Amino acid sequence: MSRKVSSYVKIEGRMRWEAIWVLSKRELLAFVRNKTRIISSIAQALLFLFVFSGGFFSIDISIDGVDVSPMAFVASGIIAMAILFSGVFGGLGIIRDRMFGFMRELLVAPISRRTLMTGKTLGVALQSLLQCLIMAVISVAMGFFGYDPSLIWRIILLMPIALLFSLGVVGIGLTISTRLTDFQSFGLIQTFLIMPMFWLSGALFAFNSVPEIMQIIMMFNPISYGVDIFRYVILGVSFFPLWVNLLVLSAFAAILILIGANSFSNMQIS
Amino acid sequence: MRDYQYNYRNKRENKTKMTENIVEVKNLTKIYDEGDVLAVDDISLTLKKGEIFALLGPNGAGKTTTISMLATLLKPTKGTATVNSYNIDEDPDKVRKSIGVVFQEPSLDGDMKAEENLELHAILYGMSKSERREKIKEVLKLVNLDDKAEMYTKNYSGGMKRRLEIARGLIHNPQMLFLDEPTLGLDPQTRRKIWEKIKQLNEELKMTILITTHYMEEADVLADRICIMDHGKIIALDTSENLKHQLSGDIIEIELENVHNLSMIPQLISQLKEIKGIKDVKIGAKGDQGVADMTMNLPAGMKNMNPQMMQMIQQQMKEIMTDAKKFVRATKKFPMASNFFSRAPLEAKERVANLFKGNKDLLEELPKNMKETILKIQSGEYEEKQKNENPLLTISCENGAKQITEIIQKISNSDNLNIKSVQMHNPTLEDVFLFYTGREIREESSNNTEDVKKLIQMRQLRQNK
C-alpha cells in the first residue's frame with residue numbers, strides 16, 4: 001500500500017456546523033478520558049512552578065515600574081505554556097488518526113476538508129483551553145496571585161484570549177502533522193521547536209532582565225506575545241502594549257491557520 | 001465447506017432476474033505518478049442491482065485502486081464511472097452519500113465507544129438526531145453488537161471490529177456497499193460469520209455488494225459474478241460456475257521427485273503438450289515457486305517479462321558467459337549476479353567454472369560465494385544442494401482417465417525423472433485463477449517494484465558493456 005500515495009478527491013462545499021461540533025467533541029472527549037495525559041501535564045506544570053518560582057524568590061521583577069511577585073510572574077507564564085504544549089501536541093494527534101486509519105473514514109465522508117480542518121482545530125483549541133483553565137484554577141487556588149475577587153473575572157476574560165492564542169499554536173501542530181508519517185519525529189519537534197519557543201517566550205524570566213540579543217530573538221517569537229497578554233489579563237501589567245499583543249496574536253493565528261488549512265487540504269494518505 | 005457452498009448456490013438460483021445496472025465503469029484507468037505504476041489498466045464493467053460482485057486477484061492487481069476510484073477517493077487518470085447513476089467525477093458528494101465503504105485497513109477510533117463511532121459517522125453523513133438514533137440501534141442489532149455498544153472499540157476483537165465497520169457503512173442507508181478485503185486476517189470461524197452477514201444483507205435488504213478479495217473460496221461462496229483481475233486488467237468475468245466450466249475436463253497434478261537437472265523439464269512439458277486431449281501444462285512447485293524460476297534462469301517475479309526483453313537478456317547472458325573478463329565486469333555492475341548464479345542450473349555453473357580455468361586472478365575479483373562455488377566445481381567437490389520443493393506439473397486435459405496413462409509413460413521414459421505423487425480432480429476456482437494468471441497468488445505486491453529495479457539494472461548492464 002505504501003506506494004499507492006495519491007491525493008484524494010476533495011469534497012467542495014459549505015461548512016457543516018453539526019459535523020464541526022461532533023469532530024470537536026471527539027477531541028474534547030479524548031482529552032477528558034485520557035487521565036494520564038491530564039495528570040502528567042498538570043504535574044509537569046506544577047514542577048516548573050515550584051522550581052522556577054523558587055529560584056526567582058531572591059530576584060525582584062518589575063514590569064513597567066510595577067513590582068511583581070515571582071510566584072505570580074511564573075504562574076502566569078506556566079498557564080500560557082499549557083496552551084503551547086497541549087495545542088501543538090493536540091494538532092499532532094492527526095498523525096495518530098492517520099496511522100490508525102481513522103483519517104480515512106473522515107476523508108470518505110461527504111464533508112468538505114474545510115469542515116474537517118475547522119472541526120479538528122476547534123476541538124484541539126478547546127482542549128488546550130480546558131487545560132489552561134485547569135492550570136489557572138489551580139494557580140488561583142494555591143494563592144500564587146494572592147486572593148483577590150477580581151481574579152474571577154480576569155480568568156473568565158482570559159478564556160477568549162487563550163482561544164485566540166491557541167488557534168495559532170494548533171495551526172503549528174496541524175501543519176507539522178500533515179507532513180509527518182510517524183511518531184519518531186516527536187522528539188525532534190519537542191527539542192527543536194517547542195522547547196526553544198517555550199524558553200524564549202519569557203514565560204519563566206522577565207523580558208527586561210536578559211541581554212539585548214535575546215530580547216530581539218524573543219520579539220520574533222509569537223509565543224512571547226501570548227505570554228505577555230496572559231500577564232496583562234491576570235496581573236494587569238505587560239512589557240508590550242495590549243494592542244501590539246492582540247495584533248501579533250491575531251496575525252499569528254490567521255497565518256498559521258491558513259498554512260494549516262492549506263497543508264491539510266493537500267494532505268496525502270498512504 | 002461444500003455444504004455451505006451448496007446451500008448458497010441453491011438460494012442464488014431462486015433470485016429474481018436482475019437487469020438494472022447500478023454501477024457502470026467505462027475505460028477506467030489509474031496511473032500512480034510516484035513510481036509510474038499502472039495500477040488499473042482500462043477496465044470496463046457493469047454491476048447489476050442486487051448482486052454480489054467479487055473482484056478477485058492477487059495483491060497489487062488493482063482491486064483496491066478500482067474500489068477507491070468508485071468510492072470517489074481517488075481520481076481516475078482516464079475513463080469514468082457512474083455509481084447509483086451519479087458520475088464519480090461530477091458528483092462525488094452524492095456518490096459518497098449513496099454508498100457504504102469498508103476499508104481494507106481498520107478505520108475505527110479505538111478511544112471512542114462503538115456507539116459513538118457510529119454516531120460520528122451518522123452526523124458526518126448529515127442525518128437528523130431521531131433518524132440516527134433509530135438507525136444506530138438497527139445496524140448494531142443487525143451485526144449482533146447491540147449488547148457491546150458501550151464498549152470502547154479498542155477492546156473489540158478483529159471480527160467485532162469488522163462487523164462494526166460493516167454496520168457503520170450501513171447507517172446512512174446506502175444503496176450499495178463496497179467491501180475491500182472484508183475478511184483479511186480473520187480466523188475461519190469469524191470469516192464464516194462475516195460471510196453470513198454479507199449474504200444476509202444481500203438477501204434481506206437487497207443490497208448490491210462489491211467485494212474485493214484474494215481468497216478464492218470467499219469469491220466462490222459469496223459472489224454472483226466474479227471478476228478476476230491481474231496487473232490492473234480484467235482477465236475473466238463470469239459466474240463462478242461458468243468460469244469453472246471453461247476449464248472442463250480434469251486437472252492432473254503430478255509431483256516429481258529427485259530432479260537433478262531442471263533444464264529437462266521444459267522439454268518434458270513440450271512433449272506432454274503433444275499428447276492428444278491435453279489442453280495445457282503448467283509448472284510450479286509444491287510450496288514454492290523457486291523451481292519454475294530456476295528452469296528459466298530468472299529470479300522470482302520476472303516471468304511476466306515480455307518475450308523480446310527476455311530474448312535480449314538471454315543473449316546478453318550468452319555473451320557474458322563466453323569471456324571471463326566480461327563476466328567479472330557484469331558481476332560488479334549487477335548486484336544480483338551471485339543470486340542469479342546460485343539459482344542457475346548445474347550445467348551453467350559448470351560452464352562458468354570452465355571459463356575461469358587457469359584464470360586465478362580474475363576469479364579473485366568475483367563475489368565470495370561465487371568464487372567458492374566455482375572453486376568447488378573445479379575441484380569436483382561441488383554438489384547441488386537438495387531442494388526441499390519438488391516440481392509440480394499441472395496438466396489440464398479433456399479426459400483425465402484416458403490421458404493419464406500416456407502422461408505417466410512419457411514421464412517415465414525420460415531419464416532421471418521420478419513421479420512422487422499423482423492427483424486428479426475437477427477444476428476449482430483456484431485452477432481457473434492459475435489458468436488465467438499463470439501463477440500462484442503473490443503474497444506481496446512489492447515484487448512489482450523490485451521487478452522494475454531489476455529491469456533498470458539490466459538496462460544499465462547493457463549500456464555499459
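Predicted model: local features only at pLDDT ≥ 70, side-chain atom pairs only at ≥ 80, totals over all residues.
Select strands β7 (residues 176-180) and β8 (residues 208-213) of chain B: five bridges join them, and they run parallel.

Six strands of chain B form it, in the order β6-β7-β8-β3-β9-β10. The sheet is open and the pairing is mixed. Which strands stand at the edges? They are β6 (99-102) and β10 (233-238) of chain B. Each has a single partner strand, so one side of each is left without a neighbour in the sheet. Look along the sheet for the twist, which averages 15° from one strand to the next.

Stay in chain B for a charge over a ring. Select Arg191(B) and Tyr215(B): the arginine lies over the face of the tyrosine, at 4.0 Å from the ring centre.

**The other sheet of the tour**

Select β2, β1, β4 and β5 of chain B. These four strands form an open sheet in the order β2-β1-β4-β5, with antiparallel pairing. The edge strands are β2 (37-48) and β5 (86-87) of chain B, each pairing on one side only. Zoom in on β1 (residues 21-32) of chain B: eight bridges join it to β2(B), and the two run antiparallel. Lys30(B) stands opposite Val40(B) in β2(B). Next, show helix α2 (residues 63-70) of chain B. It packs on this sheet, touching β1, β2 and β4 (78-83) of chain B. The direction of α2(B) makes about 120° with that of β1(B).

**Into chain A**

Move to the largest nonpolar core, which has 67 residues. Select Ile78(A), Ile79(A), Leu84(A), Phe198(A) and Phe230(A); these touch the most other members. Several elements of chain A each supply at least two residues of this core, including β2 (61-63), α6 (113-141), α7 (150-179) and α11 (242-265). Which helix gives the most? It is α3(A), with 14 residues.

Centre the view on Ile79(A). Leaving aside its neighbours within four places in sequence, Ile79(A) is in contact with Cys132(A), Met135(A), Ala136(A), Ser139(A), Phe145(A), Leu158(A), Phe230(A) and Ile234(A). Apart from this core lies another, of 45 residues; among them are Val143(B), Met160(B), Leu201(B) and Val221(B).

**Aromatic stops**

Nine aromatic pairs turn up over all chains. Select Phe48(A) and Trp199(A). Their ring centres are 6.2 Å apart and their planes stand at 85°, so the pair is edge-to-face. Phe48(A) lies in helix α2 of chain A and Trp199(A) in helix α8 of chain A, so the pair ties together parts that are 151 residues apart in sequence. Buried or partly exposed? Phe48(A) counts as buried, at 12% relative accessibility. Trp199(A) counts as partly exposed, at 35%.

With Trp199(A) it forms a tilted pair, 5.1 Å centre to centre and 45° between the planes. Phe198(A) counts as buried, at 2% relative accessibility.

For the last stop, select Arg231(A) and Phe73(A). Arg231(A) lies over the face of Phe73(A), at 3.6 Å from the ring centre.

How values were computed:
Residues numbered from 1 in each chain as written. Chains lettered and ligands numbered in written order. Heavy atoms only, no water. Pairing = 2+ DSSP bridges. Contact = heavy atoms within 4.5 Å. Axes fitted to C-alpha atoms, helices over the stretch in contact; angles between N-to-C directions. Core = buried A, V, L, I, M, F, W, Y, C linked by side-chain atoms within 4.5 Å. Buried < 20%, exposed > 50% of the residue type's maximum accessible area, 1.4 Å probe, protein only. Phe/Tyr/Trp six-rings, centres within 6.5 Å; stacked < 30°, edge-to-face > 60°. Lys NZ or Arg CZ within 6 Å of the ring centre and 35° of its normal.
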